[in-house]
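Please read it alongside the sequence and the coordinates.

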Amino acid sequence: MMRDEFGAKDPRSCSVVITSHTSGLSLTAQQPANNIVRGTLQALSLVFAGAQAMEISAFDEAFRTPSREAHLVGLRTQQIIDIESGAARVADPLGGSYFVEALTDEIEARVRARIDEIERMGDAEVLSRTGYFKGVFHDAMEESQRRLDAGELPVVGVNVHRIPDEDDTLLREVTERKIEPWTQHVERIIAFKQARDCASVTRVLAQVTTAVRDETNLVPVVTDALDAGATAGEVAGAMRVGLGLPYDPHGLVEPPGA
């Protein structure tokens, strides 16, 4: 695509850097320990596919913001695959497999068909603003739930191999534990904002908004904003304003200087 459609000549422009995340949609609140196995299988699949970077969904994501223990399990899963399985020692462990090659061809054809469909519909930015891509994800989740409810999609612990709720206790002490608020971090952020030059922050954030509105180079103004003490969230808010959107999509935070 880079060579044929966009005319790239430098081989480095045609290289693919794949960063992927395992599927949060596959996680279940029932028997959450099973999510560790799901993440392992998905992570190993990413290694076989040649992903350069990955992140594994935490086993308690079906309940809440991931816990430290769940993050550590995700990290250790990657390390065990890398160090103990040996899967990463070969560039393409499943290369030559008829089944894998056939699946690859099928996925490539489906991706190309979806890209052609999107390009026929018009500008991707316009489609994003009008909710097309949000609808794609919504339809996928709805279809997955329909198949699950109909029994077409077997999921261990949900519609097959279920156990009574009173017996589903493995890892519950981790998944259902409340996260204590990190008050020290909140206090540190409050002190940081009080100590900075608020007038300078307001000025550089206004420059970010103007740059977005005028479609000029954002790198220098964003750098200036961060150097002045603006937070990443404030910069993102200023960008949203430049696009004609609310500073805070939830309507809970006022912009600096407001």
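Buried means under 20% relative accessible area, exposed over 50%, and partly exposed in between, with a 1.4 Å probe and protein chains only. D116 has a relative accessibility of 28%, so it counts as partly exposed. This is a predicted model, in which local features need pLDDT of at least 70, side-chain atom pairs count only at pLDDT 80 or more, and totals for chains, interfaces and linings use all residues. Residues are numbered from 1 along each chain as its sequence is written, and side-chain values use heavy atoms, with hydrogens and water left out.

**Salt bridges**

- A salt bridge is a side-chain nitrogen of Lys or Arg within 4 Å of a carboxyl oxygen of Asp or Glu.
- Side chains of opposite charge can pair when their charged atoms come close.
- The structure holds 15 salt bridges.
- D116 pairs with R112 in one of them, at 3.7 Å from N to O.
- Both R112 and D116 belong to helix α3 (residues 98–121), where they are four residues apart, about one turn of the helix; helices (H or I, at least four residues) and strands (E, at least two) are DSSP runs, numbered from the N terminus.
- R112 is partly exposed because its relative accessibility is 33%.
- R114 and E117 also form a salt bridge, at 3.5 Å from N to O.
- R114 and E117 are three residues apart in helix α3, about one turn of the helix.
- R114 is partly exposed at a relative accessible area of 38%, and E117 is partly exposed at 31%.
- The side chains of R64 and D60 meet in a salt bridge of 3.5 Å, N to O.
- R64 counts as buried at 18% relative accessibility, and D60 counts as buried at 0%.
- A network of salt bridges links E143, R146, R147 and E152.

- T175 is part of helix α6 (residues 172–175).
- With a relative accessibility of 2%, T175 is buried.
- Contact means heavy atoms within 4.5 Å.
- Apart from neighbours within four places in sequence, T175 is in contact with P32, F59, D60, F63 and R64.
- D60 and R64, both among the contacts of T175, are the two partners of the 3.5 Å salt bridge.
- T175 and T65 are 110 residues apart in sequence, and their C-alpha atoms are 9.6 Å apart in space.
- L171 sits in the loop between α5 and α6 and is buried, at 18% relative accessibility.
- Leaving aside neighbours within four places in sequence, L171 is in contact with A33, I36 and F59.
- A33 is 138 residues from L171 along the chain, with 6.4 Å between their C-alpha atoms.
- F59 is in contact with T175 and also with L171.

**Loop between β1 and α1**

- T22 is placed in the loop between β1 and α1.
- T22 counts as buried, at 6% relative accessibility.
- Beyond neighbours within four places in sequence, T22 is in contact with G39, Q42, A43, L46, E55, I56 and S57.
- Q31 lies in that loop as well, between β1 (19–21) and α1 (34–49).
- Q31 is buried, with a relative accessible area of 15%.

**Positive phi angles**

- Most residues other than glycine have a negative phi.
- Q31 is not a glycine, yet its phi is positive, near 45°.
- H161, likewise not a glycine, has a positive phi of about 50°.
- H161 lies in the loop between α5 (132–150) and α6.
- H161 counts as exposed because its relative accessibility is 64%.

**Packing of α9 and α10**

- Helices α9 (residues 219–227) and α10 (residues 232–242) pack at an angle of about 140°, with their axes 10 Å apart.
- Axes are lines fitted to C-alpha atoms, for helices over the stretch in contact, and angles run from 0 to 180 degrees between N-to-C directions.
- α9 and α10 are therefore oblique to each other; angles under 35 degrees count as roughly parallel, over 145 as roughly antiparallel, 65 to 115 as roughly perpendicular and the rest as oblique.
- V222, A225 and L226 in α9 meet A232, V235 and M239 in α10.
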